[in-house]
Amino acid sequence: MSADSLALTRKNASEDIRKLAEEHLQHDLNDSDRESLTSAASKIPRHVTVGSLVGLGLGLFLAFRIRSARTKMFNAFRTVEKPTHVKFADGREESIPDISPLTRPSTLGDVATYFFFSSGGLFLGGETGLLTGYASASRTISKEPESKARIERAFRRFRADVLRKEADAIDEKRGLSGVFGL
């Protein structure tokens, strides 16, 4: 599992792409557009952090509930009178083994419950936070139609420059044979 699997720990783009983006920010956008983008970009990590913390808390809460329900069920099962023998139609009698020690909650089971529920909550909460952060950032950018159009135009130019750089890198590696490792 890589560090990019969780939204909270994802890394940013490489340094040369970041420099290219800075150039486009400075030349293609005005101050209000840059402020709008900065505001939108700051919302995503906040949403991811809050979502991850809420997911982690919810996972731990659910793990606690599962553990206590498992303990209550074991105690109820242990106190109930259980049959000790089975009588068959032909008259023979077989004893039933006591399986209560096998159903007793264990420390390993508790650790696994807390680990998997908290990990799942962290993952789901972080990804939900990432989605809500993107939605919030999109709403921030879309407030002003003129600003949105300038930002989209600057992004198209940035994307074209990135694709040109990638094409140049592919050409330097002997065409398609360098790309596919042939």
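The legends below describe the chain as a whole and then two close-up views. The structure is a predicted model, in which local features need pLDDT of at least 70 and side-chain atom pairs count only at pLDDT 80 or more, whereas totals for chains, interfaces and linings use all residues. Residues are numbered from 1 along each chain as its sequence is written, and side-chain values use heavy atoms, with hydrogens and water left out.

**View 1. Overall architecture of the chain.** The chain holds six helices and two strands, taken as DSSP runs (helices H or I, at least four residues; strands E, at least two) and numbered from the N terminus. Along the sequence these elements follow the order α-α-β-β-α-α-α-α. Of the 182 residues, 19% count as buried, meaning under 20% relative accessible area with a 1.4 Å probe and protein chains only.

**View 2. The largest nonpolar core.** Five residues, Ala 40, Ile 44, Val 48, Leu 130 and Ala 137, make up this core, a nonpolar core being a set of buried Ala, Val, Leu, Ile, Met, Phe, Trp, Tyr and Cys residues joined through side-chain atoms within 4.5 Å. Both α2 and α4 (107-141) supply at least two residues each, and the largest share, three residues, comes from α2.

**View 3. The surroundings of Thr 84.** Thr 84 lies in the loop between α2 (31-79) and β1 (85-87). Beyond its neighbours within four places in sequence, Thr 84 is in contact (heavy atoms within 4.5 Å) with Glu 94, Ser 95 and Ile 96. The C-alpha atoms of Thr 84 and Asp 98, which are 14 residues apart along the chain, are separated by 7.9 Å.

Key. Buried < 20%, exposed > 50% of the residue type's maximum accessible area, 1.4 Å probe, protein only.
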